[in-house]
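Visitor: I've got the model open on my screen. Can you walk me through it?

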Amino acid sequence: MFSGGIRLCRLFGTEIFLQPLWFVVLFIFALPPLLGGNIIGAVAVVLLLGCLYISVIGHEFAHIFAGRYFGVQTPKIVINFFGGAAMMERIPFGLPEAIIGMVGPLFSYAVGMIIMLPFFLGVPHNNLVLEFIYNVGYVNLLLGLFNTLPIFPMDGGRILRGVLFYFNNKIVRSTKIAMIVGFITLPFAFITLIPINMFSIVIMGLLVWMCWGEWKQVQMIYRDDMEDPNLVRPDQVAYYAMVVSLYGPGSKQANDARTMYSNIEFDKLADQTDAEWQASSPAEKLKTQALAVQYLLEKHDPEALSQLQDLLGKDLLGKNKQ
Ligand SMILES: [Zn+2]
């Protein structure tokens, strides 16, 4: 639901997309002053939201540049109706995750402080332009504060998980703790910081949903007794080979698997798998496909089987009958 959108532009090698729901939010906020006949007020709201989303893009690029420092690329950013999301290829666990999570809010605090400094020093914001600038600063501080809250998978929750993993080296446990802390923090944050209305309830629900999704994914891919979850696991490569044999290199399913497991080591092995697949004869291809289907059908773990079926798409068996 956050993946699609209208392509805005390409900036520093990252595509920026805008989710269409964003316009609905624009409309909701601009409507009350408009109905009251306050055209200037409506224009100010639209401009302020524009500045908010420019601030959000700046915030996301702070994450992106920190990610690149740790060797993680970010092909795109999606501006959704409650902020933005940098779609990183993968999350490096531990201190890199904490640092990547930290730089976004720090950027927002810095921008907010720079804009607000003259006002803190006594410059009055008594006309429309100064009031507007004041609000842009205020919005950036709020953006920093909101993202610092330890609500996984927001930045604060990622900082918490990164630090926990740094100390205990257990990614499933660290994610679980970050999730629980987030679920406890969430209602308090919304009671104290944000007025409860339909909009905030929807955002709260979305955060819970995103948290749950990421938790399920971590549970599925990693175990706490892994030596280093940042490294690739052999069964991830096996899984990728299976997907390639059934759907082909470059298929949606293969690309999804690449996105899910991507790191330097996995990417290398996946490229190798693609090359091997392309070089193999039709008879070899058929054999690999048969093994992949057999693997799915014979796996004596119904839960894992249903997870694999979910990953591959429900049409798997239908496709192979043809
Ligand atoms: Zn952020």
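Visitor: Happy to start anywhere. Which strands does helix 2 lie across, and at about what angle does it run to strand 4?

Guide: Keep in mind that this is a predicted model. Helix 2 covers residues 39–69. It lies across strand 2 (14–18), strand 3 and strand 4, and its angle to strand 4 is about 25°.

Visitor: And those strands, in what order do they form the sheet?

Guide: The sheet is open and has four strands, with mixed pairing. Strand 1 (6–11) and strand 4 (83–87) are the edges, each pairing on one side only. Neighbouring strands are turned by 20° against each other on average, direction ignored. Reading across, the order is 1-2-3-4.

Visitor: Which residue in strand 4 is the bridge partner of Ile77?

Guide: Strand 3 spans residues 76–80 and runs antiparallel to strand 4, with five bridges joining the two. For Ile77, the partner in strand 4 is Ala86.

Visitor: What about Thr74: buried or exposed?

Guide: Thr74 sits in the loop between helix 2 and strand 3. Beyond its neighbours within four places in sequence, its contacts include Ile64, Gly67, Ala86 and Met87. The cut-off for burial is 20 or more other C-beta atoms within 10 Å. Thr74 has 20 such atoms, so it counts as buried.

Visitor: How far apart are the C-alpha atoms of Thr74 and Thr14?

Guide: Thr14 is one of the residues in contact with Thr74. Along the chain the two are 60 residues apart. Their C-alpha atoms, though, are separated by 6.3 Å.

Visitor: Moving on to helix 6, how far apart are its end C-alpha atoms?

Guide: Helix 6 runs over residues 171–192, which makes 22 residues. At 1.5 Å a residue it should span 32 Å. The model agrees with that, because the end C-alpha atoms are 31 Å apart.

Visitor: Where in helix 6 is the kink?

Guide: Look shortly before the proline Pro187. The kink is about 30°, and it lies at Thr185.

Visitor: What covers the buried residues of helix 6?

Guide: The buried residues include Ile171, Ser174, Thr175, Ala178, Met179 and Gly182. An α-helix has 3.6 residues a turn, so residues three or four places apart point the same way. The cover over the buried residues of helix 6 includes helix 5 (155–168) and helix 7 (198–221).

Visitor: Last one, for the whole chain: what percentage of the residues count as buried?

Guide: The chain's secondary structure comes to 13 helices and four strands. Among contacts between residues at least 6 apart in sequence, 64% join residues at least 24 apart. Of the 322 residues, the buried share is 27%.

Notes:
Residues are numbered from 1 along each chain as its sequence is written. This is a predicted model: local features need pLDDT of at least 70, side-chain atom pairs count only at pLDDT 80 or more; totals for chains, interfaces and linings use all residues. Two strands pair if DSSP finds at least two bridges between them. Axes are lines fitted to C-alpha atoms, for helices over the stretch in contact, and angles run from 0 to 180 degrees between N-to-C directions. Two residues are in contact if their C-beta atoms, placed from the backbone, lie within 7 Å. The expected span of a helix is 1.5 Å times one less than its number of residues. The bend at a residue is the angle between axes fitted to the seven residues ending there and the seven starting there. A residue is buried if 20 or more other C-beta atoms lie within 10 Å of its own, exposed if 12 or fewer, and partly exposed in between; C-beta atoms are placed from the backbone.
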